Amino acid sequence: MPPVALNAATITVPETLALLDGPFASVARGVAEDRYVLWLGSGISFGRVDGLRQVIARVLEFLRARTIPGDTACRYGRALREALDLAPITPEEEGRVDLTQPFATWPDGNQVVTRLCNNYARLLEINVEGELDDYLLWEAVKLSATFADPAKPPDVEHLCLAILVLEGACSDLASANWDGLIEGAIAAMTGGQPALSVCVRPEDLRNPAPRGRLIKFHGCAVLATQNEAAYRPFLVARQSQINGWAAWPENAAIRGRLVDLVATKPTLMIGLSVQDANIQTLFAQAAAQMAWRWPSNPPSYVFSANELGGDQQGLLKNVYRLDMTSGNRQQIIDEARIQAYAKSLLLALVLHLLCSKVRALVDLAPGAMPVADRQPLRDGVIALRDQLAASVAPDPLAFINAFIDQWGRSLHLILNGSLTHAAGRYQPLTVESIANISINPSLPASGMRETAVAAGVLGYGVSRGEWRIDVPASTAISDGMFRLHAPSGEAKVFLTSGPTSALQLRQDGYVVDAEEPIVIHGHKLVPAMHRSPRSAPGRTGRRGVREVSIASLMASTATPDELLQRFREELAI
């Protein structure tokens, strides 16, 4: 059978993971290593803030509602006339215009909006006599209410980007968006702890960037609302601003930083059409300073798109001008296009990144088993990842919210045995990129290498049909981190990095002997103290807590199959 044609709008997360495991494996690896700059556009915020069509319709209605019909001197009427001429409207459509009726009821309204989509910057350039140049943006678009509303929750894309930042895989982001949804997602996930530096003005580049830096080169509605005098002048929307942005001295520092990023780090564009002249100029300037050559590994320029538009293809012609020919043009375009839009791509990147980190930790775990023989454990981690990916549909937002909470809670419990001092919803697996995990001096003491092996063993058992893993019965800590269904029965499972976290779980009453839970320790077990000298002698028929130490098993097993067998024997499953 011929391969099924992909469609960026309908591709599933498992299908996107197949792309990241296959033809775009080097892109996934590059993201995990924090090699890419993510360039973000309005496509990541569809469904949360108004898109271009809604903005255009709002501007037209704003002008219509203030127009005095028949008054040729009306400043709003003149501005509306200029807007309709930009469309332009036909004589037949002109005859159907009724200024006494809301724009939403105009019979040709949809066609007018469609034509203005490619002229939105000129629409916002229209001056209403006696008002400031950005009057339509500030008042008609209602920038503050539309793009800076704190009540609007982050969507899947923003939550995934927050995870990538917190996991050290995305230290540089550039965005043409005015909204503050990425920043809101990170604040919610860290409990307000500083993690991201937002840069709009040149002075902002001097601020520390704990985990990442987001350059909002078209301005920020949130900051402009909070500090109008300082940030309103940096809102870019009008055609003159877009055309002049690259030359204006007040943008020199931001422009220089962006040019440097384009020249030194590969580009991954998500939800960005690159139709604006200032963006095209940035990439042309960077290519003139230090061009990326084709082919390269990973690819230097990648777009999240079903088909590359004319502006995106034009960008590739500029940046690959030394290498693109009529013979390789289509190959370059195909290699630069991941046919998955923002939601599926970012979800897949998050799952792929976390899986890759766990697999890297499996290889770093000490033990008698040669690293070269650990492939079944690495594959076991992928089996767990793919099980997760299969549960994304039909509600990606519900999935990612549940995943963030469960992941954050589980990691806090693994490391501390308690949520008492947990800050925020999310706990990163490692704060550094995958390339730097091995040099983290606290890694040996953390027990996370051994915990990663536990994930590999569990996934290996799943792939062999030895058992099944399911979500916990509830979000209560006492119900464990997940449930394991084996021939011997069902058990709730706790993972702990070491004796301190295990002891804390017992002391807080989450691990109870009578419930016969499974506790998988990263480090070696510490002999438990007798809790009652009056306990009944001999066998009681109760197994109590079933415990196993991954560190001990890794020290005494040389193959994955031997490790799996010993694991089953220790836990009687």
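The model is predicted, so to speak of local features a pLDDT of at least 70 is needed, side-chain atom pairs count only at pLDDT 80 or more, and totals for chains, interfaces and linings use all residues. Residues are numbered from 1 along each chain as its sequence is written, and side-chain values use heavy atoms, with hydrogens and water left out.

**Exercise 1. Describe the protein chain as a whole: how many helices and strands does the protein chain have?**

Step 1. Count the elements: the protein chain has 26 helices and 12 strands. Helices (H or I, at least four residues) and strands (E, at least two) are DSSP runs, numbered from the N terminus.

Step 2. Look at the extent. Along the principal axes, the C-alpha atoms of the protein chain fill a box of roughly 100 × 55 × 55 Å.

Step 3. Turn to burial, where buried means under 20% relative accessible area, exposed over 50% and partly exposed in between (1.4 Å probe, protein chains only). Of the 573 residues in the protein chain, 53% are buried.

Step 4. Look at contacts, meaning heavy atoms within 4.5 Å. Among contacts with a separation of 6 or more, 72% are between residues 24 or more positions apart.

**Exercise 2. Find the order of the strands in the open sheet of 7 strands, and say which are the edge strands.**

Step 1. Trace the sheet, remembering that two strands pair if DSSP finds at least two bridges between them. The order is β3-β4-β2-β1-β5-β6-β7, and the pairing is parallel.

Step 2. Find the edges: β3 and β7 (337–338) each pair on one side only.

Step 3. Zoom in on one pair. β3 and β4 are joined in the parallel sense by 4 bridges, and S197 has R213 in β4 as its bridge partner.

**Exercise 3. Walk through the open sheet of 5 strands: which strands stand at the edges?**

Step 1. Write down the order: β8-β9-β10-β11-β12, with mixed pairing. The edges are β8 (468–470) and β12 (546–549); each has a single partner strand, so one side of each is left without a neighbour in the sheet.

Step 2. Follow the antiparallel part. β8 and strand β9 (residues 482–486) pair over 3 bridges in the antiparallel sense, and 5 bridges join β9 to β10, which also run antiparallel. A hairpin connects β9 to β10 through 2 residues.

Step 3. Move on to the parallel part: β10 is joined to strand β11 (residues 518–521) by 4 bridges.

Step 4. Ask how covered β10 is. In strand β10 (residues 489–496), 6 of the 8 residues are buried, so β10 is largely enclosed by the rest of the structure.

**Exercise 4. Work out how helices α23 and α26 are arranged.**

Step 1. Compare the axes. Those of helix α23 (residues 448–463) and helix α26 (residues 560–571) come within 10 Å and cross at roughly 90 degrees.

Step 2. Name the arrangement. Angles under 35 degrees count as roughly parallel, over 145 as roughly antiparallel, 65 to 115 as roughly perpendicular and the rest as oblique. α23 and α26 are therefore roughly perpendicular to each other.

Step 3. List the meeting residues: V453, V457, L458, Y460 and G461 in α23 meet P560, D561, L563, L564 and F567 in α26.

Key
Axes fitted to C-alpha atoms, helices over the stretch in contact; angles between N-to-C directions.
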